[in-house]
Amino acid sequence: MEDTAVRFDVTEVSAAFTAAFGRQPDGVWAAPGRVNIIGEHTDYNDGFVLPMALPQGVRAAVGRTTDSRVRVVSRQEPGAPVTVGLDAKPGAVTDWSAYVIGVVWSLREAGYDVGGVDIAVDGDVPAGAGLSSSAALECAVAGALNDLFELRIEPTELARLAQRAENEFVGMPCGVMDQMASVSCTAGHLLFLDTRSMATEQVPFAPADRDRTLLVIDTRAPHKLVDGEYARRRRTCEEAASVLGVAALRDVSVDELPVALSRMDDEVQRRRVRHVVTENARVLEVVRRLRDGDLDGIGPLLTASHVSLRDDYEVTVGELDTAVDTALATGALGARMTGGGFGGCVIALVPTDRADAVVDAVRGAFERAGYREPAAFTAVPAQGAHRVR
Ligand code: GAF
């Protein structure tokens, strides 16, 4: 299994800044990627989520300038700096730099006085793995601008502004979970977030103390049609809420579900609603069990979440289902896909002495199925966005 030590080495991102812009940065900021323990496709339904920050993340070396340009380089995208004016609008750039320039746009749109900046970024969140590399990028930059321009934006508002960058500048209609996880998670905890009230609770999570391991298995399945499918599901949920006469699907309880389903004619819509309503209930139950110290008791809820995402929300692919089934057959207490789906990662809660066997079994099953070789690591809840230097 891969080593999971925190690798926020700022030397390389600072060197990339100096190579591109010929001076030292004013500082370096970091923001993590995340895995979501449970609460999938609930955030844009005003529901509940329970993510944790990963040690992997993005570093941003940033320096103020006296002109009115934004210049951006990335260690993962060699080439000349992407350069735009401070007044760049959505559509001005459409590549990776949109996640960075979009944050400058979003803060300025909200009336914050962000001036010219040079930005170098570096990251070690595997891209396309559903571990929120984009939110990490947005939040590292947002944190840097907040500090450098002394904007005094509160964490929740900063997450909202990063989300707006992704929604309106990048064009991905995501919810707020990933940005909140990147900004507000703390080491050793899961972040229980109510995406309607934006209330948060830090839930202690230390599986190693109970001889348990939270494995993240990256299926490396190629993402296909992700954004279109995501947007379609979001739209279906909004239409269903409107049919039911509620502000969001969060307003439907499990007890009310049979009646709600009987009021919808469309079978696809019914399945999507069933997922969201039962998933919200599962998040609350997982939090309750964790507060009671019943770590193993969350296993069946994780697995039920996967089944719901597979059968009702229809966002899994063969690789995700194979990884979950194999992990469970090899002794996992619970397993599920995590993130938006259509590829990406699976999490599995396993007795620590079974962790290697689970990873080996998944590797074997993938080989037999002709899938790409998966990658795996142990997830330990890490710190949210912060200034490194
Ligand atoms: C993606 C989105 F960005 C999140 O907002 C969330 O909806 C998630 O998919 C599914 O739970 O990561």
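Student: Which residues does Asp 43 touch, not counting residues up to four places away in sequence?

Tutor: Asp 43 touches Val 49, Gly 175, Val 176, Met 177 and Thr 195. Each pair is called a contact because the C-beta atoms, placed from the backbone, lie within 7 Å. The model is predicted: local features need pLDDT of at least 70 and side-chain atom pairs count only at pLDDT 80 or more, while totals for chains, interfaces and linings use all residues. Residues are numbered from 1 along each chain as its sequence is written.

Student: Why does Asp 43 count as buried?

Tutor: A residue is buried if 20 or more other C-beta atoms lie within 10 Å of its own, exposed if 12 or fewer, and partly exposed in between; these C-beta atoms too are placed from the backbone. Asp 43 has 24 such neighbours and therefore counts as buried. Its place is the loop between S1 and S2. Such elements are DSSP runs, numbered from the N terminus, with at least four residues of H or I for a helix and at least two of E for a strand.

Student: Is Glu 150 buried or exposed, and where does it lie?

Tutor: Glu 150 counts as exposed, since it has 7 C-beta neighbours inside 10 Å. It lies in the loop between helix H3 (133-148) and helix H4 (155-170).

Student: How do you know that the UniProt "binding site" residues gather at one spot?

Tutor: The unreviewed UniProt entry places that feature at Glu 40, His 41, Thr 42, Asp 43 and Tyr 230. They span 191 residues in sequence, yet no two of their C-alpha atoms are more than 12.4 Å apart, so they gather at one spot. Such annotations may be inferred rather than shown by experiment. Tyr 230 itself sits in helix H6 (residues 226-244) and is buried, with 20 C-beta neighbours inside 10 Å. Leaving aside neighbours within four places in sequence, Tyr 230 is in contact with Pro 173 and Gly 340.

Student: Which residues are around the ligand, and what makes a residue count as near it?

Tutor: A residue is near a molecule if its C-beta atom, placed from the backbone, lies within 6 Å of it. The residues around the ligand are Glu 40, His 41, Asp 43, Tyr 44, Cys 174, Gly 175, Met 177, Asp 178, Gly 339 and Gly 340.

Student: How is the protein chain divided, and how many residues meet between the domains?

Tutor: Domain 1 (11-202 + 382-387) and domain 2 (205-378) divide the chain; the bounds come from an automatic or database domain assignment. Their C-alpha centres lie 26 Å apart, and 28 residues of domain 1 are in contact with 35 residues of domain 2. Strand S1 (27-36), strand S2 (48-49) and strand S7 (189-194) each supply at least two residues of the side of domain 1 that touches domain 2.

Student: Why does the radius of gyration agree with a compact globule?

Tutor: The radius is taken over C-alpha atoms, and the globule rule is 2.2 Å times the number of residues to the power 0.38. With 389 residues the rule gives a value near 21 Å, and the protein chain has 21 Å, so the two agree.

Notes. Contact = placed C-beta atoms within 7 Å.
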